[in-house]
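Please keep the sequence and the structure in view while reading.

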Amino acid sequence: RPVGSAAVGDIEIRFELPPGVAVSAPWQRVGQNVFRVGATLPEWPGVVAFGGFEPIELSVHGVLLELALIDNPQPALREALTHWVEQAARAVSTVYGVFPVSRLQVIVAPTPRGNKPVPWAYVARGGGSAVHLFVRPNFPAGEFMRDWSLVHEMSHLFLPYMKAGDAWLVEGLPTYYQNVAMARGGLIPTEEAWRRMYQGFDLGEAVGAKFTVYEASERMGRRGLYRRAYWGGAAYVLAVDLHLRQASAGTFTLDDVLLEMRRCCLATNYRWQAEEVVARLDAAAASEVFSMFFEEQIKSRPFPDYRKSFDALGIDILGGHPIFGEGTAAKYRDAIMAPR
């Protein structure tokens, strides 16, 4: 990069690679092994991978996915992982009809560690949007489809790049949509999505009771507090979504607010703070519900009252399992899990 340049958009990088070696990068591909670096800040992390893989291009609901399956898995696993990535992108696209970004780098690398299909995954924004996953390739294909990790990571892209300490929103919104989008996309049954949410809320409420969700977000290094931050944030998001639906008789939802965020605030080189995003969400909703619930549920001592939301949705808990009632409440409950 030119010395002293904060963000540069016109650098072209060309790789000369030995036969059989490919490259995956978050930048815009303009030729074989030729990329144009996006106007991104130098300190934002991104990953470039080299190896004996064949880059796979997928087009899903307006997004170009460039998939790199590291270590070139056997054909059956290659097909299963490719299908998984494609279906996850389709599920996330059910939120407002298109994928939140137009181009996405996806790197899937095997790991011998962990006891679930995806032991570790994260999103990077340097040079462009990217999702990097470490997987246990010995798991059956169906276990990948039911795993929440990829849909969760893709759901981070509904919001601009934010401070890590704002986990209640940074992670809370993807934690909510990992269940909603998976149900909408047919990856898990609707009943399973509600059950997962209840179990998550129950876990989040049980840990770190002396901390607000906001304080838990700032102290996530302490054992278990990440659950309070993630699931407290998800309970807040559910409450906001429900409020918007009830106030508009079902004509305006959190999905609509996030679509407005896509138009105004995703293509930026600025790293946002949660309070700034909350203000933008309020503006997009023409309401103060996001900031009001932020004060009431995130910065106050009690864990967000997810039982109140469940009651309004006609969901009772019996023996740790959600029981679904009928009537007016079912209309909003079913609408939350219905694709746009």
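## Aromatic residues

One aromatic cluster is formed by Trp194, Tyr198, Phe201, Trp231, Phe303, Tyr306 and Phe310. Rings of Phe, Tyr and Trp (its six-membered ring) are paired if their centres lie within 6.5 Å; planes under 30 degrees apart count as stacked, over 60 as edge-to-face, and the rest as tilted. By this rule there are 22 aromatic pairs. In one of them, the ring centres of Tyr176 and Tyr177 are 5.1 Å apart and the planes stand at 75 degrees, so the pair is edge-to-face.

Tyr176, at 0% relative accessibility, counts as buried, and Tyr177 is buried with a relative accessible area of 0%. Buried means under 20% relative accessible area, exposed over 50%, and partly exposed in between (1.4 Å probe, protein chains only).

## Basis of the values

The model is predicted: local features need pLDDT of at least 70, side-chain atom pairs count only at pLDDT 80 or more, and totals for chains, interfaces and linings use all residues. Residues are numbered from 1 along each chain as its sequence is written, and side-chain values use heavy atoms, with hydrogens and water left out.

## The five-stranded sheet

Helices (H or I, at least four residues) and strands (E, at least two) are DSSP runs, numbered from the N terminus. Five strands make an open sheet in the order β6-β7-β8-β10-β9, with mixed pairing; two strands pair if DSSP finds at least two bridges between them. At the edges stand β6 (56-60) and β9 (120-124), each with a single partner strand, so one side of each has no neighbour in the sheet. From one strand to the next, the twist averages 20 degrees.

Six bridges join β7 (residues 63-69) to β8 in the parallel sense, and Leu67 stands opposite Val106 in β8.

## Helix α13

Helix α13 (residues 328-336) has as its buried residues Ala329, Ala330, Tyr332, Arg333 and Ile336. Seen down the axis of α13, these fall within an arc of 165 degrees, so they line one face of the helix; the arc is that of the directions from the helix axis to the C-beta atoms. They pack against α5 (172-184), α6 (190-206), α8 (225-247), α12 (306-312), β11 (315-318) and β12 (321-324), where contact means heavy atoms within 4.5 Å.

## Thr94

Thr94 is placed in the loop between α1 (75-92) and β8 (103-110) and counts as buried at 12% relative accessibility. Leaving aside neighbours within four places in sequence, Thr94 is in contact with Ala181, Arg184, Gly185, Pro339 and Arg340.

Key
Axes fitted to C-alpha atoms, helices over the stretch in contact; angles between N-to-C directions.
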